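Biologist: I'm new to this one. Can you put the structure up and walk me through what was computed from the atoms?

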Amino acid sequence: LDPAGASELVNISTRGRVEPGDHALIGGLIVSGVSPINVIARALGPSLQGIVNGVLSDPTLMMYDTNGQLFAKNNNWADTQSVQIIATGIPPTNPKEAAVVRTLSNGAYSGIVQGVNYGSGNALVEIYNLGPATVSY
C-alpha cells in the first residue's frame with residue numbers, strides 16, 4: 001500500500017452473476033505511473049463450467065475509460081485481435097468468451113460483462129497487466 005513501493009498489480013478479477021439490463025458484472029482498474037501499460041481484459045463464462053454452476057454461455061465485454069466512453073468491445077475473442085490475444089499467452093479457452101488487448105494510460109477503467117441476447121449466468125471479468133507499453137494497441 002506504500003505509494004513509493006516497487007510492487008505492481010499483475011491481475012484483478014471479479015466473479016458474479018450477470019442478468020439482463022443493468023445487472024451486469026463490472027470490474028474496475030486504476031492505472032497510475034509515468035508510462036502506459038498494456039493489458040488484456042477477459043470475460044469468461046463457458047470455461048467456468050464444472051467449477052461454477054449456471055455459467056453465462058456467451059459473454060460480451062465492453063471497456064470504458066475515465067470519461068465513461070466506450071473504447072473497446074468484443075463478443076467472441078478470436079473475431080478481433082486474435083494474434084495479439086494469443087501472443088499474451090492467456091487467450092480464453094472457449095471461442096464464445098470475450099477479450100481485448102489495449103494500451104492504458106493514467107486513469108480509471110471499467111470492464112463490463114453482459115450476456116449476448118440478454119443471457120444470464122455466472123461469469124468472470126479479469127484484467128491482466130502485460131507490462132509497460134512497448135507497442136500500443
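**Core, sheets and side-chain pairs**

Modeller: The largest nonpolar core has 20 residues, and Leu-61, Met-63 and Val-113 have the most contacts inside it. A nonpolar core here is a set of buried Ala, Val, Leu, Ile, Met, Phe, Trp, Tyr and Cys residues joined through side-chain atoms within 4.5 Å. Buried means under 20% relative accessible area, exposed over 50%, and partly exposed in between, with a 1.4 Å probe and protein chains only.

Biologist: Which elements give two or more residues to this core?

Modeller: Those are β2 (25–31), β3, β4 (59–64), β6, β7 (107–115) and β8. With four residues, β3 gives the most. Strands are DSSP runs of E, at least two residues long, and helices are runs of H or I of at least four; both are numbered from the N terminus.

Biologist: Before we go on, what kind of model is it, and how is it numbered?

Modeller: It is a predicted model, where local features need pLDDT of at least 70 and side-chain atom pairs count only at pLDDT 80 or more, while totals for chains, interfaces and linings use all residues. Residues are numbered from 1 along each chain as its sequence is written, and side-chain values use heavy atoms, leaving out hydrogens and water.

Biologist: Good. Back to Val-113: what is it in contact with, leaving aside neighbours within four places in sequence?

Modeller: Its contacts include Val-18, Leu-25, Ala-43, Leu-56, Leu-61 and Val-125. Contact means heavy atoms within 4.5 Å. Leu-61 is also the bridge partner of Val-113, which sits in β7.

Biologist: So which sheet has β7 in it?

Modeller: An open sheet of four strands, in the order β2-β7-β4-β5, with antiparallel pairing. Two strands pair if DSSP finds at least two bridges between them. β2 and β5 are at the edges with a single partner strand each, so one side of each has no neighbour in the sheet. On average, neighbouring strands are turned by 20 degrees against each other, direction ignored. That angle comes from axes, which are lines fitted to C-alpha atoms (for helices over the stretch in contact), with angles running from 0 to 180 degrees between N-to-C directions.

Biologist: How many bridges pair β4 and β7?

Modeller: Six, in the antiparallel sense. Tyr-64 stands opposite Ser-110 in β7. On to β5: four bridges join β4 to it, again antiparallel. Met-62 has Lys-73 in β5 as its bridge partner.

Biologist: And what lies between β4 and β5?

Modeller: Five residues, in a hairpin where Gly-68 takes a positive phi near 80 degrees.

Biologist: Is β4 buried or exposed?

Modeller: Five of its six residues are buried, so β4 is largely enclosed by the rest of the structure.

Biologist: New topic. How many aromatic pairs are there?

Modeller: One. Rings of Phe, Tyr and Trp (its six-membered ring) pair if their centres lie within 6.5 Å; planes under 30 degrees apart are stacked, over 60 edge-to-face, and the rest tilted. The rings of Phe-71 and Tyr-109 have centres 5.8 Å apart and planes at 75 degrees, so this pair is edge-to-face. Phe-71 is in strand β5 (residues 70–74) and Tyr-109 in strand β7, so the pair ties together parts 38 residues apart in sequence. Tyr-109 is buried at 10% relative accessible area, whereas Phe-71 is partly exposed at 28%.

Biologist: What about the other strands, β3 and β8?

Modeller: They belong to an open sheet of four strands, ordered β1-β8-β3-β6, with antiparallel pairing. The edge strands are β1 (11–18) and β6 (98–104), each pairing on one side only. Eight bridges join β3 (residues 37–44) to β8 (residues 121–132). Val-39 has Asn-129 in β8 as its bridge partner.

Biologist: How many salt bridges does the structure hold?

Modeller: Two. A salt bridge is a side-chain nitrogen of Lys or Arg within 4 Å of a carboxyl oxygen of Asp or Glu. Arg-17 and Glu-19 meet at 2.8 Å, N to O. Glu-126 and Arg-42 form the other, with the closest N and O atoms 2.3 Å apart. Glu-126 is in strand β8 and Arg-42 in strand β3, so the pair ties together parts 84 residues apart in sequence.

Biologist: Are Glu-126 and Arg-42 buried or exposed?

Modeller: Both are buried. For the other pair, Arg-17 is partly exposed at 43% relative accessibility, and Glu-19 is partly exposed at 29%.
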